[in-house]
Each structure stands twice: as C-alpha cells, then as structure tokens.
2 protein chains.
Amino acid sequence: MTQILEARKGNTTRQMRRVAEKEGVSVEQIAEGLVKGTVVIPANRYHANLDPVAIGTGLRTKVNANIGTSTYFPDIERELDKLRLAVEAGADAVMDLSTGSGLDIDRSRRRIMAAATVAVGTVPIYQVTIEAIEKRGSIVEMTPEDMFEVIERQAKDGVDFMTVHSGITLESIARLQKQGRVTDIVSRGGSFLTGWILHQGKENPLYDQFDRLLEIAQEYDVTISLGDGLRPGSLADATDRAQIQELIILGELVDRAREAGVQVMVEGPGHVPFDQIEANIKIQKTLAKGAPFYVLGPLVTDVAPGYDHITSAIGGTLAAVAGADFLCYVTPAEHLGLPTPEDVREGVVAARIAAHAADLVKGVKGAWEWDLAMAKARKALDWDKQIALAIDPVKARRYRKERNPEGIVECTMCGKYCAMKIVAEHLGKPMEVC
Amino acid sequence: MTQILEARKGNTTRQMRRVAEKEGVSVEQIAEGLVKGTVVIPANRYHANLDPVAIGTGLRTKVNANIGTSTYFPDIERELDKLRLAVEAGADAVMDLSTGSGLDIDRSRRRIMAAATVAVGTVPIYQVTIEAIEKRGSIVEMTPEDMFEVIERQAKDGVDFMTVHSGITLESIARLQKQGRVTDIVSRGGSFLTGWILHQGKENPLYDQFDRLLEIAQEYDVTISLGDGLRPGSLADATDRAQIQELIILGELVDRAREAGVQVMVEGPGHVPFDQIEANIKIQKTLAKGAPFYVLGPLVTDVAPGYDHITSAIGGTLAAVAGADFLCYVTPAEHLGLPTPEDVREGVVAARIAAHAADLVKGVKGAWEWDLAMAKARKALDWDKQIALAIDPVKARRYRKERNPEGIVECTMCGKYCAMKIVAEHLGKPMEVC
C-alpha cells in the first residue's frame, strides 16, 4: 500500500513517524497532509537505504539537486561524487537525469540508488528516448510499450519519484502553437514528447494511458511528479496560455492520481518575472487542489548565465514564501554546460538559502531559532560557533581563514574598529569573548 | 549652486543632461525629480572626471561597491584594483571606507577620487575617529571641530556623497536601550558616535549642528546620505522601535536638507526577514517624503556567511521592487573578513542581478529588451551573442569554455538531446544556427 492509502486507513507507517520526527511535528499532521494530498513522502518500497523526507504544506521547504551523466560527460564516478557533495551540502533529494548512452543508464541509476539515503527521482522518458534511438533509430519511433517498460524497470529499482510530462497533449501543443513563443519548449522531456506527438499525430501515451502509469506508481509507491513540459524558458514566455493550459490538465491528473491512491506533486517554472511569481504559486495551489508544488527556480531574469543559482534563489525565496514546497536547485553552470562538483555545492547551498529564508516567514519549526543562535554568536564574536552554525561551514571556515591573520578576535573588515566591540564597551555589556 | 537649486530655478545642468541621456528619459523628468527630492545626482563640483548617475524614482536601480583599506590590509594598490574591477563589473558608485591608519586615509581617498569616473562616497566619521585616536588617544575624545574639519576636507577633495549618522541622538539611543536588542549596533559609524555620545553625555554634533553640515554640503554640492546607525544587525532586531525612531529623525533631517537646497538620500537596513522588507521600504518613503532610499542588502537570513551576496540579492530584489533606489553590494566575505578583488566582482554582479530583476518589474527603460534579446540568442543557440549579452561576459565565457568541448553547437547539459534543437525540428522553425 502507498503512504496515502495507509494514511486513509488511519495507519501510521515508519516513514510517517520518521518524517514527523525530523520535522518536529506530530505524526497526525503528516497523516492528515497525506490524506488531503497536500503532503507526499517519496519512498519507493524498494529503496532500502532511504531516510525519507516529507514535502508539502506546513513543512520545511525541501531542496533537490540534479545529477547524472550526459553525452559528453558519461563518467558515473563524477556523478557519484556530486551525489555525495549534494547530500553533504544539505540536499533533501537528488534526481538522476543521466543521458549517458544505453545500458549505462541502468547501471548509473543502480549505483546512485545504492548510494543514496535521500529520495531519488528520475525522468524516465530520457531513458526511453535514448533506448529508442539505439533500438529504433529515432526518438519519434519510441512506442508506448517502451515508455511503460522503462517506467516499471525504474520503479523496480526503487526510484522514489518520477517526472512524467503527461500534460503535453494534443490540446496543450495546439495552444502552444496558437500562443507563439520566444523560446518554445525548453524542457527536454517536453521536447521529446512534443516531437513524438507531432510526428505520430497521436495523443501522448503518458496522458492517454495515465491509468497504466498509476498502476505502476501504486504498486511500488512511486510519487508522481507531474512535469511542466511547457514551462517558460524566458521571461517573455512566462505565465502564458500554453503554460496555464498544461497546468489545468495537470490539475485534472492530480485528481486521478489521488483517486488511485497514488502520491502526486506538480512541477512549475522556470523563467518568471518577480512580480508574476506569487500568481504562479497561487494558481497552482487552486488548479491542483493543494498538491505539493516543486519549482525549478524560478529564475527572475534571463541575462545572468554564470549566476543562475542567484537568479533562482531570488525567485525561489518568493515562490516558497507564496507556498512552493520543493525547490529544484539551479547551479551557476545553468545555460552554459553540465555542472562541476563545485557548481553542485554552490547550487545546493543557494537553494537552501532560498528555502530557509522562506521558512523563516512560513513559521517553520526551528527556522527562527537558527538565525537567533547565529546572531548571538556574532554578537559574542564567537567564531567557532558562527562557523558551526553556518549553512555551509566548509566555506565559512575557509573564508575566515583566508581573509584574516591568525588569532585576531574581530575580523579584517573593520579590524580594531569593530562596532561589536565598541558598543559592548559603551553600552556596558561586556562581550562574552575578548 | 547644487543640482537641486539649479533645477528649482528651471536651469538644466550638464549633469542633468548626461544622466537623462544615460537613462533614456527627458531632462525634464530628471529636473522634476530633483525639485521634488525624489532624485539625486551625487556630483561634487570638484570631482573633475566624474561621469554622473542619477539615483531615484523612475530610474534604473543603482549599485554601490564598498572598497577601502583596513587595519590589517592597508595596501591602497589592492583597493585601486577593486575599484577597477567594481567599475568593470558595472558598479554605479563606490564608497571609500578606508580605515588604514592616519594620513594614508587622505592619500587613499585622493588616489581613488583621481581614478574614479563613478560617484565616490565616504563615511567621514571613520577618518575623524582614526585621527582622534592618533591625536587625542581615543575615539571618545574627538571634538565637533574634528568632525566638521574632516567633512570639509573630504568635500574639497571632491567626494560626491557622504554618509552621516545624524540620526544617532540622545533620543534614539534611549529608545535603543529601552528596546533591548540581540546585536545592538553593527554600524561602525553608529558605534563610534554612540560611544562618543554616551561617554560625553552630549548630543551628536552631526545632529546638533546639522546646519553646519548643510552649509558644507551646499557649497560643494555633496549629496548627504543619512546613515542608519541603528540598522538591525540580525533578523531578531529588524524593524524595531530603535530603527524606526532613527528613521523618523532622518525624515525630519530630509526636510531640513531640502530647505537648504542640499541633495539628500536615506540609508536603510540591513538584516530583515523577507516578509518585513516591503514595509521597510514603504515606511521610509512616507517618513522621508520620497527621498531616494539606499539599502544595504537587505539580508534575508543571518545563517549564510560566505553567501551573503546571495542573501542580499534576494532581499535587494524585493526592496528595489518595493521602491528602493540604490543597492549597496554585499560580498561573499561579509561577516568573515575584508573582501578580495574576486569577492568584489561577485558582490557587484549579485547586486546588479537584484537591481535588474527589480527594474524588469519597475518598467525601467530597456530592462525588458535586454532579457528578450538574451532569450532570442538562447533560442538560436547563438553563443557569442549570449556571452555578449550576459551580465558578466567574463564569467559566462569562462564557464562555457571550461564545461564544453570545443565546437559543439548545443551545451553539455543536454548534449545531443537539446530541447531547443528537437523542438525547432518538429515545430517547423529551423534554427538560426546549426
């Protein structure tokens, strides 16, 4: 049985108890969220070494890191390094987006599953298309059987959540064509399926045979993440009719997943101007009846390649404040190439900053206390404590070391003119150190 | 005559014409903003090589970079490097915050003034205190004469804008003491003056003799930047009674500066939770009657040393969307030490991203067109154009080069599974390249 079916029966599972413990909330709150569909626990019954997290309303905002091989970088060892770094940096989940060729995709995924204690997601259509090219010579020759066979194969391997672009349909593509866009489709999965639909002149099997997908998801308790294949790839395309049409369809599919007792969340944009972000979140919450919202960014400008972890942290903060539950990281390498391990670390930390800045506002348990502890350590010029409390202690320690001579009490920014020291003398509150 | 007095007389100056040209707005709009006090043009009559910018309502959001020597890093050459890097990275102004000892401060400032084509700001109380220590043995022994002498000396050197903490008064300190804070005072200038006031038991000369300050400012056309010495240094202290009391006083001083025909802006926080930022901007605009607002950050969490350019870009975007006009950069080294030249570059670009993300929403001229041009270049896989349009072409080029084999058309993130390429084939729009 899936977590949602267990919760409906009034059962509490060890996954529910574990996530409740980690969040510092009651298991009843978790179970209630599962029943309502506002909370999911991606936890495939075959992901043996998983330490689960819950994603959804009232909980800490979670962060995902994308890893995986690609055409020009097929080395799985480098991706396993990224997995380790991402988890060390605080990622709550990873997605294996490997497109390195052929059978290596199975092997990569199995290596990642075996190593990952965090939830692992995939986009099965990637593997379907790559196998179709190898077996049939072209992406557009893949068959519905190919699709469901790969989905089941990945489910058997223990994948906790899967992105499926079921909202790319004859209808939403027609709306896209009427819309007219600057960057058309920037989702890889979305582009594969659009190519297939236009070439075959048939409906998307992931929409047409959605029940078949739900059966597999139910059997393994795979959380369905309804992908936004028509997400805007530039500010100019944001919140347009194609995007919202797809979201309406995804909302209908949320209903169907819930009816089938399958855990489901919805994915969202993308490139969105700052003043449209709140509307994007609110409309997802209404159209998808409160399903957890998993966003990529949003990136608040198109012009900052090399800094898209920052453009995303800006948009991600506002998105999470407005109700987004799960942030997909974006690294500094976005739009330029596959991220290095260092890019992965920067991307995870930037997304965690956005998530935490929002959690302070959402009133998430423990969020405010963390900042307060840091403020007190700063006031006390207690450097060890500041570093221990830092969101990335490794970088904080390195900066402190590189930018300061050894043994000084203050820091080199103000040197002996440290405001903390001067005020402590004159306001009559001796400092805890010095 | 100051820019504001010229505008009141209906004159247009070459500075007004130049900034109008750079903004793509009419000189009448600039003159009207000067008359209302919603726009300033920091342009000391003795800063010969200045290419001025205007700061205020209806204009592009501007960015300042702090540079300057400090106790442990007294080398001015390194700070001149930072000046060059900051301007290259797109800073609209720099502040020379040098506190390297004694006469070197004059020398540093003069070197910086001579090299800077952007507006230069200072915090004269830094030099006053350092000279007081050398001449009189202690910060608290500085005299009002010392203060005004340094202010005039710096004005004569051509400093375009000066931060003065005139809102630190017996009244605002009393409110601070009643308030109770976690991090008390984190402003250096604020702490010097608080130390002096508490030790001497006298009113702040920069408040008490504000007219004397205005006379100097008027003579040289120095723009007064009313410093927020009581800005919160942690989320826990944000938007408290001490901060707002000081802002009320600064609002009154704005009136007096305008009466004297002196250009004036107001400085703002600091560490502020995301959901308090808009209120901070709106209340400044009412209390200070629309004076340009110059904010530091705001930083939306305390826990991210090593990443405070990101915490600031998040807060700075929302602040600028809500009406802030001028963003002071924060570098990754904030709270850890004096920034390196590389930190300066990262800080400037992060602040520019925040400013631009807000300008897209503010409807600033040219902002939307920039993103649209990038989106089109991206769709066309035109890498040269993407790099040329990047907010930091140097970093974008380096990333592209490091993360991709030579001569590939797509990028290594998706490799041959590039959505842009696939969709172009199937939607029947051949790509401009490849």
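**Close-ups of a predicted two-chain model**

**View 1. Chain A comes in two parts.** In this predicted model, chain A splits into domain 1, covering 3–362, and domain 2, covering 367–427.

View 2. Eight residues of domain 1 of chain A touch eight residues of domain 2 of chain A. Putting these two domains together buries about 750 Å², with carbon and sulfur atoms giving 61% of that area.

**View 3. Zooming in on the charges between the domains of chain A.** Two salt bridges are counted between domain 1 of chain A and domain 2 of chain A. Look for the pairing of Lys395(A) with Glu346(A), a salt bridge whose closest N and O atoms sit 3.1 Å apart. On the domain 1 side of this contact in chain A, the tally is three nonpolar, one polar and four charged residues. As for polar contacts, four residue pairs turn up between domain 1 of chain A and domain 2 of chain A, both partners at pLDDT 80 or more.

**View 4. Now for the interface of chain B with chain A.** In this view, 105 residues of chain B are in contact with 105 residues of chain A. The area buried between the two chains is about 8,700 Å², and carbon and sulfur atoms contribute 72% of it.

View 5. Four salt bridges span the interface of chain B and chain A. One to pick out is Lys379(B) with Asp184(A), where the closest N and O atoms are 3.2 Å apart. Helix 15 of chain B (residues 341–362) supplies eleven residues, the largest share of the chain B side that touches chain A. Sorted by class, that side of chain B has 60 nonpolar, 25 polar and 20 charged residues. Polar contacts across the interface of chain B and chain A come to 20 residue pairs, again with both residues at pLDDT 80 or more.

**View 6. Down to the axis that relates the chains.**

How values were computed
Residues are numbered from 1 along each chain as its sequence is written. Chains are lettered from A and ligands numbered from 1 in the order in which they are written. This is a predicted model: local features need pLDDT of at least 70, side-chain atom pairs count only at pLDDT 80 or more; totals for chains, interfaces and linings use all residues. Side-chain values use heavy atoms; hydrogens and water are left out. Contact means heavy atoms within 4.5 Å. Buried area is the accessible area (1.4 Å probe) that two parts lose on being put together, summed over both. A salt bridge is a side-chain nitrogen of Lys or Arg within 4 Å of a carboxyl oxygen of Asp or Glu. A polar contact is a pair of N or O atoms within 3.5 Å; within protein, one must be able to donate a hydrogen and the other to accept it, and residues adjacent in sequence count only if both atoms are side-chain atoms. Helices (H or I, at least four residues) and strands (E, at least two) are DSSP runs, numbered from the N terminus. Ala, Val, Leu, Ile, Met, Phe, Trp, Tyr, Cys and Pro count as nonpolar, Asp, Glu, Lys and Arg as charged, and the others, Gly among them, as polar. Domain bounds come from an automatic or database domain assignment.
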